[in-house]
Amino acid sequence: MPALPVPERTPVWEVFRKEKRGAAFEHAGSVVAPDADFAEAWAREQYGRRGESVALWLVPRDAIRDVEDWADEFDLKYRRVDGYSIKARLKEARERAGTAGPR
Amino acid sequence: MRKLTIVRKAVLVAAVGIPHDEQAFLEYVQAGGQVETADWMPEDYRRKLIKFIEMHGNSELMGVLPEREWILRAPTLQRKLALTAKVQDEVGHAQLIYRVVEDLGKPREQCLADLVDGKAKFHNVFHYPTKTWGDVGVIAWLVDAAAIISQKALLKCSYAPYARIMKKICWEESFHILHGRDVILAMVTGTPQQFELVQEALDRWWGPLMQFHGNPISKDEDPMYLWRIKSQGNEEARQQFLEGYVPQIRELGLTVPDPKLRKRDDGVWEYTEPDWDELKHVVTGHGPKTEERLAFRRRFLEQERWVRDAVLAA
């Protein structure tokens with residue numbers, strides 16, 4: 001699994017921002033900084049100077065576990081709304097109940 | 001009761017599933033597929049991507065210099081604040097952009113070294129002088145407008161991290177054009193001398209503006225389009241600029257300094273062929289202000305090296 005590049009010298013910090021109260025944190029980008037205090041300073045500039053974020057999370061890139069592979073043996077149709085086709089059976093049920101007619 | 005419809009989108013092969021093959025990659029991006037930093041990409045794609053994005057970063061960094069000269073000479077406090085905010089934005093964008101280049105494999109220090117050594121390019125418009133406040137208005141309005149057209153086309157870039165920062169950049173730059181247009185409007189509704197200042201600036205900037213989007217290479221021969229790094233051809237961008245802004249220029253009573261400029265019945269704008277030799281000459285480091293501005297950057301990089309060293313040693 002290829003990992004995101006990590007510079008030899010200065011760590012990369014991923015920045016997550018919250019747009020407004022009640023919203024989830026979303027990935028916004030990254031900054032390069034030797035420690036958390038500098039990361040905060042740069043992130044405040046890039047993602048907060050315009051009053052566009054109510055909160056930020058800073059996470060060292062190498063603290064992030066990247067997950068991209070999934071098991072999908074049975075196509076998981078039964079978990080999705082479009083995995084069910086009830087039209088034909090519903091028609092038959094209505095006909096039997098005598099409730100079929102123009103909708 | 002509203003019927004629930006789930007639309008099954010055409011399933012694009014996940015980037016992780018693309019075979020490590022240039023042709024498959026080409027088909028993937030041309031079908032609208034995007035790739036992330038850790039995905040496999042052809043060497044040619046990576047190289048061209050780095051060069052393109054790096055030039056963008058350089059342009060943001062160098063582009064502040066013509067405007068910076070006017071911060072201390074702005075006519076009002078409000079203009080000074082707006083210009084300062086604009087310059088702040090551009091430098092911030094340069095940093096965002098260099099961050100993307102770093103993740104592609106070229107360190108920021110190398111980008112800056114190549115820039116000041118004249119080995120890397122930046123957009124033609126930033127090699128020219130700003131002679132008057134009229135220039136400041138023309139740049140913030142029309143140069144930014146030309147740039148926004150290109151930037152909007154990059155929102156669909158096949159390299160997703162770049163497309164994402166373009167979204168942030170486009171949103172943040174939205175006030176820049178309004179500021180520029182406001183500066184122009186203040187002058188064209190001011191004294192006759194102020195109107196002349198704008199017209200004179202327009203006369204000087206029209207040539208570089210027409211060159212800005214690059215020579216009219218056909219989309220199908222432009223590797224940047226084939227790789228879907230750019231999603232529009234150069235001529236398409238230029239036509240969009242003319243269509244949007246020539247009417248806006250003319251409605252102020254200003255004259256576009258090209259007697260051949262006209263819109264055909266089929267909607268295509270005709271114009272005097274820009275001087276492509278001039279464009280090449282300028283972007284290869286021979287613009288009127290190139291040397292001076294690169295020297296400025298070189299000087300400050302050296303001067304501030306102690307700050308970078310101190311921070312990185314933290």
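1. Chain B folds into 13 helices and two strands. Helices here are DSSP runs of H or I with at least four residues, strands are runs of E with at least two, and both are numbered from the N terminus. Keep in mind that this is a predicted model: local features need pLDDT of at least 70, side-chain atom pairs count only at pLDDT 80 or more, and totals for chains, interfaces and linings use all residues. Residues are numbered from 1 along each chain as its sequence is written, while chains are lettered from A and ligands numbered from 1 in the order in which they are written.

2. How big is chain B? Its C-alpha trace spans about 65 × 60 × 50 Å along the principal axes.

3. Now for chain A, where three strands make an open sheet in the order β2-β1-β3, with antiparallel pairing. Two strands pair if DSSP finds at least two bridges between them. At the edges sit β2 (26–32) and β3 (55–60) of chain A, each pairing on one side only.

4. Look at strand β1 (residues 12–18) of chain A: six bridges tie it to β3(A), and the two run antiparallel. Across that pairing, Phe16(A) is opposite Trp57(A) in β3(A).
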